[in-house]
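Please open the model in your viewer and follow the stops below in order, selecting each part as it is named.

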Amino acid sequence: MTKLDFIERYGQENEPYICASCGNCTLVCPVYSELKWESYGPRGKLHVVKSIIEGEGEFGKDFAHKIFLCNLCEHCTSVCTTGISLDRFWEVARAEVRERGLLPAPAQFVLKSVKERGDIMWMGSADRLLWMEGIDELVKDRILKKAKVAYFLGCNVSLKSQLHDVAQSMVKIMDYAGIDFTLLGEKEVCCGAPLSWAGNLKDINEMAEKNLSLIRELGVETVVFSCPSCIQTWSEYSKSVKEDKSIELLTASQFINRLIREKRLHFEEQPMITTTFHDPCISARVLKATEEPREIMDEIPGVYHVEMNPSRQNTRCCGAHGLLDVVDPVLSSRIAERRLRDVTVTPATRIVTECPRCILAFDLAKFTTGYEMLVQDITQLVEGALSPKEQGGGKDH
Amino acid sequence: MIYSKDVTSLPDLAHQIVSPRFDVVTQPVDVLSLQNLIIYAIENGIPIVPRGNGTSGWGGAIPTRGGLCISLSAMSGILYFNEFESAVTVETGITWRDLLAFLERLGFTLPVYPSSATAATVGGFVASGGLGIGSTRNGDILKQVIGIEAILPNGKIVRLGRLLLDSKTDPLREKVEEGNSWLSEKLSDAGLGSPEQETKLFTGTYGTLGIITKVTLKTIPNLQLIPFSCSFDRMTDLVRAADRILSEVKPYYMRFLADNYTSKLRALSEYENESGKYILTGALLDTIYQNEDNIEIIKTVTNEEKGYVLDDKRSWFYWSERLYPLRIKRHGPSLVPAEMLAPMNMLPEILEKTKAELRNSKVAIEGTLSNDGTTSFMVWILDDERKKVSFTIGWYRSFQIASLAERFGGLPYAVGLWNGRHARKFYGNDSYKNLKVMKKKLDPSNIMNPLKVFGGRVTIGRESMLLGFLLGFIVTMIGGWLLPGLLNLDWLNQFLSLSLVQFLYFPNLWLLGLAGGLIAVMIIRFMRLSQALAIGIPILRILSKLLRR
C-alpha cells in the first residue's frame, strides 16, 4: 500500500473505489478524444491512482505528466454516474504531484509568477493598466472608487493585448448603462485559479482575499467577471465568500442580461450576423449560466443565433483550461480545432463566448485550421450593437 | 485492469477460478477487421470476450481465461434510419446516449434503453438483455430487436431477423449470403428455423454464440414526456398503486425506490416527504390529451392508496436520476450485485425477507416494473473491497438473493457468468437445449466468451491448486494411517506387518500422501464452474454466518 498524503488529507481516498468504471467520463474527455489511450482518460487515471494506493503502481514522472494532461473542464464530473467530483480529485492529485517535486516546468513557472508577480505571465501590476489605453476618460475616476459594482478583469483580459478590447467593451457597456462601478486597477492580482491548477491548494484563499479585502473596503455588492474560472475559484476556495453571501459574483453575460431586463441597454439593427455561442466549460457546467448569453443575443436585432452541437452543459472544451495550453500546447490546440469543427457545420460566421481562454484558444486554432470566422466575447458583441447613446441607453432613456 | 472488470469489483478469491485480466485489449474499427481478429483467435485457440463499456454487473464482459478483449466501442456508426419503418440500424459500439440524441433530434426515441444509457453500448444491452427505461410499456430490450448482424466463432458473417440497411452500399452482401447459407444448414440440422426466425440465438446470450456487430432496433415517436412521482409510507401501498397505474394508465416507465434507497440519497435529505419513504416514479409518453387524463388518474390513485403526489420539479429530478442509479455506490464504496426478476405482487414480502436476510449489511433496493407483471428487484449491497476478508465472504449475499428469488417463484435478473447454474430456468428448458446444441455446432472449441451462460472448466489459481494438493496430501496420509486399523482386514494387517513394509512405512505413507495430493490437483484442474460454485458458496455461507456471530 502506498500512502498518498494529499489525497487522504483532502478526503479523496474513497473516490478511486467509488468509480464504477462505466466510462462515462472517458467518453466525454477532450484529452481522451485526441489521444485515444485509456490511461489518459479520467477512468484510466483514477484506476492508476487506485493501483498506486494498492502498491501495484508507481507515482512516477510519467503519471505526474498525465495528471496535467487534463483541461479540468468539469465534463467528467458532470457525467460521473457515481457522482465523483473528478475535477476536485485532479486538483488534489496535482497537489500530490507538486508535493513529490514532479511538477511540469510550465506549471512551476505559473506558480512562481503568481507568487512573485501576482499574475500568470511574469508581468507586473503596472501592466494591468495597459488595457485602459484609448478609454482614459471612461476609467480615470473609476480606479479604487467606492461603488456598488466592481469589474474584475482577471489576468488574461488585463494583460493580454488581444483581449484588451473585451475589458474596454465591458467598461463601455457599464458606462452606457449608467452603472456606478469600480476597478481595482494595478491593485488587482490573480484570482488564485492557476494555483489550484498547479497543485497549490493552500494559498488560493490568501490570493483571493487580497482582491476581496479591497473589494469589501470599496463597499462593493456585485462583482462582474470576464473570466468564469475566477468566480469558480472564489466560490470554492475563498473562505470569506463561502461564509459571507452578501457579495454577488456574476459572469459578464449574467450582468449584461440584467442590464437588458432593466432596460438600460438599447441596440440598433445589425447587418444579419449569424452567431453561435460556445459555452465555456465553467460557466456552463459549474455556474450553470447557459441561458443568459442566448437571451442577450436574442435581444439584439439582426443577430441570428444558431446552436452548436454539443452545447450548454454538454459543451466541448476549448482545450485551454487547466494549464493544458502551457503544459502541452499542441494537444490543447488540437482540442480547440475539434471545437471549431463543430462551428463549421453550422451557418454561423461568428463564434461568441465569454471566457478569455476560449478566445485565445480559438484565435490560435483559426490559424492552424484556416477556418474563417470571427471569435468574440459576448461583451464585444453587445458593445458593438449598442445604439448611439443619444438615441437610447442609460437609465434615463 | 479497467477492461477486466465491470461495475462491480470481484474479491481476490474469485480470481482463483477466473483469470484476473485479459492478455490483450483490441478495438476493431469495422466488421472485416473484427472478422480477421476472430479467425486469428480460432487458429491460435485464444479465448475472445466481446465488450461494450462494461456497465453491467453480471460478469458477462470480464475475462475468464485471459485472451482477447474485443472492445466494440470504436464501431459506433448510425447506418440506417427510416421513420416510416420506425427502425434504426446501428453498429453495436454506439452508446445509447448518442443514439437517443440522434433520434430525439428527429422527433423519435427508443421504446427501451438501459438505465446505464449514458455509457452502455447498444451491443452490450442487446447481448445481455434485461429491463430498462420504457420496459413498463414495451417489455424487455430483446423485444425491440428487429434484426442483427453477427460474426460467428468461425469467422462467418451472418444476419438474422430483418436487418435494415441501404442495400446499394452494403460491402458485406456476398459474405453474408455465404454465412447465412452455412448457418441455415446448421439450424436445420438442429431442427431450428431459418436465420430470419432465430435472432434469439444472439440476443441475451452474452456473445457466447457470436459477436453482434449491427442491430436494427424499433423506434417510437417522441411524444410528450411527462414524469411523475409519488411517495408512500408502506411498500404495500406503493405496490397497490403501481398495479392500478399499470392497468389504467400504461406508463412508458415506472420504477420504485425502497426506503433504504431514498434514505441514502444525499439529494433527498432536505425533502422529508421523500427521504426514507417509498417512491414510485416514472414517465408518461403520449399525446398531450392522453397525458392530461392519465396524470389525473395517477394523482387519484396515489391519493386513494395513501400516497403523496410530488410536484413537477421533483418528478423531473427523479426522471433525470433514472440514468444515475449508481450514485448509491458512494455509500460502499464497492458494490456486490444482486438482482432478481420477481412477480410484482410479491414485492412487499420479498422486500421484507431481503431486509431480514441482509439485516447486517448496508443495502439499497430499487426496481423497474415491466409490462408482464414482473419487476426487476435490484439489491445494491454496499461494501468495501479494501476489507478483503469481509468483502470476499460478503459476496455470498449475491447468491443468497438468487436463492431467495427462486423461493418466491422469481428468477435471477441475468445469467452472465455467475448465474450460469440458473440458465436452464432463465431461458426455458427447450430454448436452453437449443442454445447448447448451437453452441456445440458454432463454437466447438469454446473460445467465444467461455464460461458465460454455459459454464465450463475453470482455470484454477495457483493458491487453490496448492491448497487442493495439501488437502489431498493430508487426507490421504491420515487415511493411510487410520484406515487399516478401522478396516481390520487380516490380509492387510499381515501385509503391513511384513518387515520390509514396516521398514519403509513412513516413506510409503509419504508416497501415498503425494499421490493423494496429485489426484486432488487433477480433480481441481478438471473442475467446472458449477462445481466450483457448489463448493465455494456453502463455504462462504458458513464463513458468513460465523462472521455475523
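Begin by selecting domain 1 of chain B and domain 2 of chain B, whose centres, taken over C-alpha atoms, are separated by 66 Å. Their bounds are 224–323 for domain 1 and 462–526 for domain 2 of chain B, as given by an automatic or database domain assignment. This is a predicted model, in which local features need pLDDT of at least 70 and side-chain atom pairs count only at pLDDT 80 or more, while totals for chains, interfaces and linings use all residues. Residues are numbered from 1 along each chain as its sequence is written, and chains are lettered from A and ligands numbered from 1 in the order in which they are written.

If you colour chain B by pLDDT (the predictor's confidence in each residue, from 0 to 100), bear in mind that its mean is 90 and that 100% of its residues reach 70 or more.

Next, select residues 347–357 and 396–407 of chain B, which are helices α10 and α12 (DSSP runs of H or I, at least four residues, numbered from the N terminus). Their axes, lines fitted to C-alpha atoms over the stretch in contact, come within 11 Å and cross at roughly 150°; α10(B) and α12(B) are therefore roughly antiparallel (angles over 145 degrees, between N-to-C directions on a scale from 0 to 180). Show the side chains of K353(B), T354(B) and E357(B), which meet Q400(B), I401(B) and L404(B) (contact requires C-beta atoms, placed from the backbone, within 7 Å).

Finally, turn to the contact between the chains, which takes 18 residues from chain A and 20 residues from chain B. On the side of chain A, α5(A) gives the most, with four residues.

Note on methods. Helix = DSSP H or I, 4+ residues; strand = E, 2+ residues; numbered from the N terminus. Parallel < 35°, antiparallel > 145°, perpendicular 65-115°, else oblique. Contact = placed C-beta atoms within 7 Å.
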